Amino acid sequence: MALYAIGDLHLSYGVKPRGGSGSRPGPTGGIWKNREAVFRQNCLSLLTDDDTLVLAGDISFGKNAEECAPDFAWLACLPGKKILLRGNHDRFWDAKKTPALNAKYGDELFFLQNNFAAYGDWALVGTKGYCFEGPFYLDRRGRLVGWDEEEERRAGELVKRELERLGTSFEAAKSAGYRKFILFLHYPPTSLIEKTSGFCKMAEEYGASQVIYAHSHGEHNFHTSIEGMKNGVFYRLVSGDCLRWRPEKILE
Ligand SMILES: [Fe+2]
Ligand SMILES: [Fe+2]
């Protein structure tokens, strides 16, 4: 039995091609080319039905139940238990829909928000998260000299709401008797201008062992938040392109 994670599959099997090019949404070149096949093959060689795979957000470009259904059916056929986290591109999933999604797909997929999933004596908790993504202002030498303070304030409101959801997730697990936690976020736990955040503090307060996050794409964005051990918590990025579509083992 093992716990794996990966984010940002950005599936679109059920999305009708749009625009003159007839292409589906999302990146397609370079590391993104044939990602579904590469990821599926990696899952088949790594995972068994005793394992658990957390999909850390940006799961589907489908904007409603109909457009998502083929993506969910495709995921359900992979080995192991699948736990889904909400990403910024998951328009099918607003916060109120989590119970309905779990009622509909409960036998095949678990949607993690305002709740938790058990993995042995561990509780898997999580929420989409949020961090300020700019605009940042640089000088001619590329040094950070400022940022959009109005956007930073707006980001703060989104962070506050996500922290409330994360607190609900932790408390649900705690009430059920769990004392060991792994925390999943879609967004990185800190922005470019932060050394810590409310997400880090909550992880420390509840004694989470790991914070797993995704969302960061492209080499230049892979190391912009916390990585490795900090204040007793281990942080790691599991965006799909960073992992080259091979799920990362989180726990045995
Ligand atoms: Fe993404
Ligand atoms: Fe994202």
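In this predicted model, strands E6 (residues 122-127) and E9 (residues 180-185) run parallel and are joined by six bridges. One pairing to look for is Leu-124, which sits opposite Ile-182 in E9. Helix H4 packs on the sheet here, touching both E6 and E9, and its direction makes about 165 degrees with that of E6. Helix H5 packs on the sheet too, touching E9, strand E10 (210-213) and strand E12 (233-237). The direction of H5 makes about 165 degrees with that of E9.

Stepping back, E6 and E9 belong to an open sheet of six strands, in the order E5-E6-E9-E10-E12-E11 and with mixed pairing. At the edges stand strand E5 (117-119) and strand E11 (228-230); each has a single partner strand, so one side of each is left without a neighbour in the sheet. From one strand to the next, the twist averages 25 degrees. As a general point, the strands of a sheet pair through backbone hydrogen bonds, in either a parallel or an antiparallel way.

E10 and E12 run parallel, with four bridges between them, and Tyr-213 has Leu-237 in E12 as its bridge partner. E11 and E12, on the other hand, run antiparallel and are joined by three bridges. Met-229 stands opposite Phe-234 in that pairing. E11 and E12 make a hairpin with two residues between the strands, and Asn-231 takes a positive phi near 50 degrees there.

Back to the two helices, which also meet each other. The axes of H4 (residues 149-175) and H5 (residues 198-206) come within 10 Å and cross at roughly 20 degrees. That angle makes H4 roughly parallel to H5, angles under 35 degrees being counted that way. The crossing of the pair is right-handed. On the H4 side, the residues involved are Val-159, Leu-163, Leu-166, Gly-167 and Phe-170; on the H5 side, they are Gly-198, Phe-199, Met-202 and Tyr-206. Sorted by class, this contact has seven nonpolar residues, two polar ones and no charged ones.

The chain has a second open sheet, this one of five strands, ordered E4-E3-E2-E1-E13 and again with mixed pairing. Its edges are E4 and strand E13 (248-251), each with a single partner strand, so one side of each is left without a neighbour in the sheet. Neighbouring strands here are turned by 30 degrees against each other on average, direction ignored. Within this sheet, strand E1 (residues 3-6) and strand E2 (residues 52-55) pair in the parallel sense over four bridges. Tyr-4 has Leu-53 in E2 as its bridge partner.

Then there is the pairing of E7 (residues 136-138) with E8 (residues 144-147), two strands that run antiparallel and are joined by three bridges. Phe-136 stands opposite Trp-147 in E8. The two strands form a hairpin with five residues between them, and in the turn Gly-142 has a positive phi of about 85 degrees.

A couple of backbone details are worth a look. In general, most residues other than glycine have a negative phi, and most peptide bonds are trans. Asn-114 has a positive phi of about 60 degrees although it is not a glycine. The peptide bond from Gly-134 to Pro-135 is cis, with omega near 10 degrees. Pro-135 is found in the loop between E6 and E7.

As for the chain as a whole, its secondary structure comes to five helices and 13 strands. Along its principal axes, the C-alpha trace spans about 55 × 50 × 35 Å. A compact globule of 252 residues would have a radius of gyration near 18 Å, and the chain has 18 Å, so the two agree.

Terms used. Residues numbered from 1 in each chain as written. Chains lettered and ligands numbered in written order. Predicted model: local features only at pLDDT ≥ 70, side-chain atom pairs only at ≥ 80, totals over all residues. Axes fitted to C-alpha atoms, helices over the stretch in contact; angles between N-to-C directions. Parallel < 35°, antiparallel > 145°, perpendicular 65-115°, else oblique. Left-handed = near helix turned anticlockwise from the far one by under 90°. Contact = placed C-beta atoms within 7 Å. Nonpolar A, V, L, I, M, F, W, Y, C, P; charged D, E, K, R; others polar. Pairing = 2+ DSSP bridges. Rg over C-alpha atoms; globule rule 2.2 N^0.38 Å.
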